Structure formats: C-alpha cells, structure tokens
Amino acid sequence: MTTAVTFEGSGLGQWTEDQVFEVTAERIAEYAAATNDPIEAHLKGELASPVFAVVPTFFSMAPAALEVAPVDLLMKLVHGEQDFHFHRPIRPGDVLTCKARATGYASLSTGSTVVVYAETRDADGELVNEQWITAFFRGVDAGGTVGDLAPGHALDAAVTAGAPAATVTQHVDDDQTFRYSPASGDPMPIHLDEEIARMSGLPGIINHGLCTMAFTSWAALEQFADGDVSRLRRLAVRFAKPVLPGQDITTRFWDLPADATTEGRAVGFETSVGDDLVIRDGLAVFS
C-alpha cells in the first residue's frame, strides 16, 4: 500500500548550486582501497576508478531530488538505479564543477521515483561525465509520471538464459562500510550503525550500493578492458537488494548484441548473493 504525496513538478529542471571538487591522488587511492579495487593505476592514484565519479557529485544529488519530493521523505529515500556516461577518466589535479537537476518523477506500485541528472565538468568547461540517478521513495504515490526518466538499460531475459561470458566472485569485508564511508563521503547511518539500520527495517548494517557497484566495475574492467578505465563509456545498474558485510557476491556477464548506437563491446550483467539478485539490469559499454 502506498500513501498519496504531492510531488512538486515546478522543481523539475532546477539546477543545484555548483559544487567544486579538487581531485587528489590520495583521495583516488583511498577510494580504490575502500572498494578492494586491485587495478594498479587506481591504487596508485593515477586514474580514478569509475564509480569514484559519484564522490564529487554526492552533495548535489539529494538536494536536486528534494526540489521535487517533500523533504520529510528523506528517510524513505533509497538508491534505485545509477547510470554513468563517461567522457574521460578523472585524474589527480582535476578541478571539477558539479551540478544536478531533477528531470522527472514516476509512480510505481511500491513507491515513487525521482530521476536526477548530474554533470561534471573540468576547469575548461569540458564534460568529464554525466550521471542519471534514480531515487526511490518507499511507500509513497506521487500521482503519476511527469517529465523525463532515465535512459533504459534493461537486460533481456533471453540474454541471461545463455552461458555467461565471465563469472567473478568477490568478498565484501566485515569492515567494508567503515572504510567506504570516509572514502566516498557518504555518512548515512544505515551503513555504520547496527541499531539505526535495524530501526529502518534492515537486517543490520548494509553495504553501500555504490560500493557494490564499484566491485562490479573493476570486475568488468579486468574481464573486458585489460583494467583500462579509459575504455569504459557507460556503466549502469539497478539496485535490487542490499548486500551485507561479510557476504560473497557473484557477478555474471553476458555479451550483448551490437546495435547502431553502441561502438565497441557491450556486456550485460547481474550480481547475486546466493540465489538472491542484488543488482539487476547491469550494463557496461567499452570502446
């Protein structure tokens, strides 16, 4: 059952204030270590791993969503989907400017979503990356669909019925969230405080969804791009269930048919803990 809530369509298209972020090799390396990333260029702080791109935009996302959704719904917000479009890797010494705006919202059977578009530019004004973030508000009905939603990346069931091109199993450490939180700048207590997590209806502290996504990113880079982040053009996921510290995750990748809009190689993927899918509709596109 959902509760009717008024979402503000007038908030769509309203840019947040610019956020300036200065990239250091130390911060890049800290993020790589916090996501168990084995790729040498990331661990040395020479190039940022893909999901590091959320760090400069972190403080733009929620304000953009709350231009549309009432602020008292903040505790009902969970990360539904994330879709990166990369123009180039982030490097130490970059001075990045980030801003975001809500583009649309939609009612679903179990809640409502707000789609936020964020862009990151360098000191010359050139695009470094674009992101579509889908925020899901549990148990509320926004009353319809308004504006533009995120680009699609659904994975056809016929693809996952075939044999995977690669399978990678990774371990989420017991202290993963306590390392990821300072490295990412995400202080949400459901990742750090057992009591608050249980009060929120969770089984306990859960891994950050973007940390789980970061695990899948370096698995994809190692399997399909020789660890070269500069070849990654798009990375998208739908978060399905939380991952707990101490669990093993298994990601299966499938080659996708080439189409007119994709240059290079595209793979779809799903990530599971045992029989439970924790990431659906994964997509990675490489040059």
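Let's start with what covers the buried residues of α5: the cover includes α1 (25-34), α3 (54-65), β9 (166-171) and α7 (209-224). Buried means under 20% relative accessible area, with a 1.4 Å probe and protein chains only. Helices (H or I, at least four residues) and strands (E, at least two) are DSSP runs, numbered from the N terminus.

A word on the source. This is a predicted model, where local features need pLDDT of at least 70 and side-chain atom pairs count only at pLDDT 80 or more, while totals for chains, interfaces and linings use all residues. Residues are numbered from 1 along each chain as its sequence is written, and side-chain values use heavy atoms, leaving out hydrogens and water.

Which residues of α5 are buried? In this helix, residues 176-184, they are Q176, T177, Y180, S181, A183 and S184. Just after α5 comes G185, with a positive phi of about 85 degrees.

Now the partner, α1. Two packed helices are described by the angle between their axes and the distance between the axes. For α1 and α5, the angle is about 155 degrees and the axes lie 9 Å apart. Axes are lines fitted to C-alpha atoms, for helices over the stretch in contact, and angles run from 0 to 180 degrees between N-to-C directions. Angles over 145 degrees count as roughly antiparallel, so α1 and α5 are roughly antiparallel to each other. Who makes the contact (heavy atoms within 4.5 Å)? From α1, it is R27, E30, Y31, A33 and A34; from α5, it is Q176, R179, Y180, P182, A183 and S184.

Technical notes. Buried < 20%, exposed > 50% of the residue type's maximum accessible area, 1.4 Å probe, protein only. Contact = heavy atoms within 4.5 Å. Parallel < 35°, antiparallel > 145°, perpendicular 65-115°, else oblique.
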